[in-house]
Amino acid sequence: MIGKDGQYGAGPAMDHKISLNHVVMLVAGSASVVDADRLRDLTQQNPKLRKMLMHYEQFFLAQVQQTCACNAVHDVYSRTCKWLLRMQQLVGDDMPLTQEFLAQMIGVRRTSVTAVAGKLQDAGLISYSRGRVHILDIAKIQQRACECDAAVNSHYARIFDS
Ligand SMILES: [Zn+2]
């Protein structure tokens, strides 16, 4: 997940221009697109920019590794809470989010997400209607999330504070 704190594609742009993935924008907002040749020129002229972009590439890889481990060992309930926690950090308390899309993000069937969303709504932690999730109690969601969000935030701090 990439939000206002990140970028996508700088590594391939600085090297050989091959991007193996598609990027999907879930929430409307502003983003900048920089031509790969222009970015490569800028990073050659500005070592600090190159260092910052490479740090984010390192962080993104750490986030992917943590997500792989999370999907293998943590249950759907705690993973959903972790995912909502991260989304809240990126876009705030109100998010456009269908249960189908959330199921894809968590890597489970829609029925599993529907059950978890029902539990969270019954507990008063979220409200959900017509493809929108509203966070009502982020502190309690954080308590129920697995430790992976904290681990990812720790990686971010270690990489960018060095
Ligand atoms: Zn986890």
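The structure is a predicted model, in which local features need pLDDT of at least 70 and side-chain atom pairs count only at pLDDT 80 or more, while totals for chains, interfaces and linings use all residues. Residues are numbered from 1 along each chain as its sequence is written.

## Overall organisation

The chain contains 8 helices and 3 strands. Helices (H or I, at least four residues) and strands (E, at least two) are DSSP runs, numbered from the N terminus. In that direction the order of elements is α-α-α-α-β-α-α-β-β-α-α. The C-alpha trace spans about 55 × 30 × 25 Å along its principal axes.

Two residues are in contact if their C-beta atoms, placed from the backbone, lie within 7 Å. Among contacts in the chain with a separation of 6 or more, 65% join residues 24 or more positions apart. A residue is buried if 20 or more other C-beta atoms lie within 10 Å of its own, exposed if 12 or fewer, and partly exposed in between, with C-beta atoms placed from the backbone. Of the 162 residues in the chain, 18% are buried.

The expected span of a helix is 1.5 Å times one less than its number of residues. Helix α3 (residues 47-73) has 27 residues and should span 39 Å, which agrees with the 39 Å between its end C-alpha atoms. Leu53, Tyr56, Gln63 and Cys70 are buried in α3. The buried residues of this helix pack against α1, α2 (36-45), α4 and α8.

Helix α4 has 16 residues and reaches 22 Å from its first C-alpha to its last, close to the expected 22 Å. Its buried residues are Arg79, Thr80, Cys81, Lys82, Trp83, Leu84, Leu85 and Met87. Just after α4, Gly92 takes a positive phi of about 100°.

Lys82, which lies in α4, counts as buried because 26 C-beta neighbours are found inside 10 Å. Leaving aside neighbours within four places in sequence, Lys82 is in contact with Cys70, Ala145, Cys146, Cys148 and Asp149. The C-alpha atoms of Lys82 and Ile141 are separated by 7.8 Å, although these residues are 59 residues apart along the chain.

Two packed helices are described by the angle between their axes and the distance between the axes. Axes are lines fitted to C-alpha atoms, for helices over the stretch in contact, and angles run from 0 to 180 degrees between N-to-C directions. Angles under 35 degrees count as roughly parallel, over 145 as roughly antiparallel, 65 to 115 as roughly perpendicular and the rest as oblique.

| Helix pair | Angle between axes | Axis separation |
|---|---|---|
| α5 and α6 | about 105° | 8 Å apart |
| α4 and α6 | roughly 70° | within 10 Å |

Helices α5 (residues 99-106) and α6 (residues 110-122) pack at an angle of about 105°, and are therefore roughly perpendicular to each other. Gln99, Glu100, Leu102, Ala103 and Ile106 of α5 make this contact with Arg110, Ser112, Val113, Thr114 and Ala117 of α6. Ala, Val, Leu, Ile, Met, Phe, Trp, Tyr, Cys and Pro count as nonpolar, Asp, Glu, Lys and Arg as charged, and the others, Gly among them, as polar. On this basis the contact of α5 with α6 has 5 nonpolar, 3 polar and 2 charged residues.

The axes of α4 and α6 cross at roughly 70°, which makes α4 roughly perpendicular to α6. Here Val76, Tyr77 and Thr80 in α4 meet Ser112, Val113, Val116 and Lys119 in α6. The contact of α4 with α6 comprises 4 nonpolar, 2 polar and 1 charged residues.

## The nonpolar core

A nonpolar core is a set of buried Ala, Val, Leu, Ile, Met, Phe, Trp, Tyr and Cys residues joined through C-beta atoms within 7 Å. The largest nonpolar core has 21 residues, of which Cys81, Leu84, Leu85, Val113, Leu120, Ile141 and Ala145 touch the most other members. At least two residues of this core come from each of α4 (76-91), α5, α6 and α8 (148-160). Helix α4 gives the most, with 5 residues. Not counting residues up to four places away in sequence, Leu120 touches Leu125 and Ile126.

Arg130 is found in the loop between β2 (126-129) and β3 (132-135). Arg130 is exposed, with 6 other C-beta atoms within 10 Å. Its phi is near 45°, a positive value in a residue other than glycine. Most residues other than glycine have a negative phi.

Gly11 is found in helix α1 (residues 10-14) and is partly exposed, with 17 other C-beta atoms within 10 Å. The C-alpha atoms of Gly11 and Gly131 are separated by 34 Å, and the two residues are 120 residues apart along the chain.
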